[in-house]
Amino acid sequence: MSTTMETMSVAAARRAALAAQGFADPRPVTEPTRRHLKRALSRLQLIQLDSVNVAVRAHYAPLFARLGSYDPALIDEAAWTHSSRKPRLLVETWAHEASLIPVEDWPLLQSGAKRPGWWRNYQALADRSPSLVDDVLAVVKELGPIGAGGIERELEGESARRPGSWWERSEVKKICELLFGLGQLTTGTRRGFERLYDLTERVVPAEVLARRVSPEQGARELISRAATALGVATEPDLRDYYRLGPETSRQAVAELGEDGVLEEVEVRGWRGPAYRLVGARMPRKVTGRALLCPFDPLIWERARTERLFGFRYRIEIYVPEPKRVYGYYVFPFLLDGELVARVDLKADREAGVLRVQGAFAEPGAEVPRVAAELAGELRLMASWLGLDGFVVGERGDLAPALSRA
């Protein structure tokens, strides 16, 4: 590391983070294309998946925040279809959580750098029932892409022909999750949001599968990608992006510093050192607006969000309704580099409207301007979702001004 450490303000670190995440770039003036998707992916590095569909699926929202209205088929085609004309760009695996990653990054996530996830608890079942593992793989090989339910039905048929070979349905699903976690299976395609499993060798190109990466090299490359996505970050921030172990992450950060890839910086008010890629973009100003879903990589690490923006954010999906402060599925609102408001959103497709079930301004926010800008972004989101407009409820101090706007 350099012996002369730069000191920066939180505001400068915030702008660097926003630039790294693509918020210092203007939105496309024409309809976004695969080229725009690739550019966004070069910044984000991964897109988290989540099953909640109150407003919009989590993997679609980060691209809307950065590109504006775009065709979600861009992601669908990049992740779940393949042709000679449009090769697959993305593949599913465990990264931050279940995520879409660039196909070429597959060896890094399978290198051993990353700790096994919760699915490792199913290894004991696989050890007890190796024939179940073989049966699941055989069904996927013959019939994939296929969902866990389809695999279960096939094995039920087998059990009828082979007495004593019955497996509990829950066990089949656990084996599917284990094989997905181990990288032997991945998602061939999706039906709705149902994962249809396929053999990894039929999804990931042979030349990518053939690439061998040591755990140490995998960790360095993953930390470097995390630094690209985060701009300025502490070691725990970098570690969290791909959920690496502490010792693995610290070693990778140290090695990248020695190699001149990362430089250590001090951010006023932060405990301990921070790091950035040498030559990282440090804009003097960030403008524009965006609605951020709870799983947007800019804000998914809540402690970092509070350090960068002074914005305390918790997802309240699992909080009993009477105890929720802001609502079930709350989108923070980014305006000119600051988080200035939050809205609890629900897409009411039956009524054809985007419902703002609660709208709350942050302390010190310029309410009339925030309401006007937020109204514009909500109109854009409603149109993007194929809805006629948005309707504001009564909850929250920003609701009256937003209704007027």
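Me: Starting with Arg66: does it count as buried or exposed?
Reply: Arg66 counts as buried, because its relative accessibility is 6%. Buried means under 20% relative accessible area, exposed means over 50%, and partly exposed is in between (1.4 Å probe, protein chains only).

Me: Okay, and what kind of model is this?
Reply: It's a predicted model, where local features need pLDDT of at least 70 and side-chain atom pairs count only at pLDDT 80 or more, while totals for chains, interfaces and linings use all residues. Residues are numbered from 1 along each chain as its sequence is written, and side-chain values use heavy atoms, with hydrogens and water left out.

Me: Back to Arg66. Which residue does it form a salt bridge with?
Reply: Asp296, with the closest N and O atoms 2.9 Å apart. Arg66 is in helix α3 (residues 61–67) and Asp296 is in the loop between β9 (289–291) and α14 (302–309), so the pair ties together parts that are 230 residues apart in sequence. A salt bridge here is a side-chain nitrogen of Lys or Arg within 4 Å of a carboxyl oxygen of Asp or Glu. Helices (H or I, at least four residues) and strands (E, at least two) are DSSP runs, numbered from the N terminus.

Me: And Asp296, what's its relative accessible area?
Reply: Asp296 has 0%, so it is buried.

Me: How many salt bridges are there in the whole structure?
Reply: The search finds 30. One of the others joins the side chains of Arg190 and Glu92, at 2.8 Å from N to O. That pair links distant parts of the chain, with Arg190 in strand β5 (residues 185–191) and Glu92 in strand β3 (residues 90–94), 98 residues apart.

Me: Are those two tucked away or what? Start with Arg190: what's its relative accessible area?
Reply: Arg190 has 14%, so it is buried. Glu92 is buried as well, with 2%.

Me: What about Glu373, which residue is its salt bridge with?
Reply: Arg289, and the closest N and O atoms are 2.8 Å apart. This pair also links distant parts of the chain: Glu373 sits in helix α15 and Arg289 in strand β9, 84 residues apart. Glu373 is partly exposed at 23% relative accessible area, and Arg289 counts as partly exposed at 28%.

Me: Which residues are linked in a network of salt bridges?
Reply: Arg27, Arg289, Asp336, Arg369, Glu373 and Glu377.

Me: Switching topic. What are the domains in the domain assignment?
Reply: The assignment gives domain 1 (6–111 + 213–277), domain 2 (118–208) and domain 3 (314–403). Those bounds come from an automatic or database domain assignment.

Me: How many residues of domain 1 are in contact with domain 3?
Reply: 15 residues of domain 1 are in contact with 16 residues of domain 3. Contact means heavy atoms within 4.5 Å. The C-alpha centres of these two domains lie 26 Å apart.

Me: What area is buried between domain 1 and domain 3?
Reply: About 1400 Å², with carbon and sulfur atoms giving 70% of that. On the domain 1 side, Val54, Ala55 and Phe64 lose the most area to domain 3, together 43% of what that side buries. Buried area is the accessible area (1.4 Å probe) that two parts lose on being put together, summed over both.

Me: How many salt bridges are there across that interface of domain 1 and domain 3?
Reply: The rule finds two. Elsewhere in the list, the side chains of Arg14 and Glu338 meet in a salt bridge, 3.1 Å from N to O.

Me: Arg14 is in α1, I think. Which residues of α1 are buried?
Reply: Ala12, Ala13, Arg14, Ala16, Ala17, Leu18, Ala19 and Ala20. Helix α1 (residues 10–20) is mostly covered, with eight of its eleven residues buried. Gly22 follows α1 and has a positive phi, near 95 degrees.

Me: Last one: where is Leu387?
Reply: Leu387 is in the loop between α15 (367–384) and β13 (389–392). Its relative accessible area is 9%, so Leu387 is buried. Leaving aside neighbours within four places in sequence, Leu387 is in contact with Ala347, Asp348, Arg349, Gly352, Val353, Leu354 and Ala382. The C-alpha atoms of Leu387 and Arg349 are separated by 7.1 Å, though the two are 38 residues apart along the chain.
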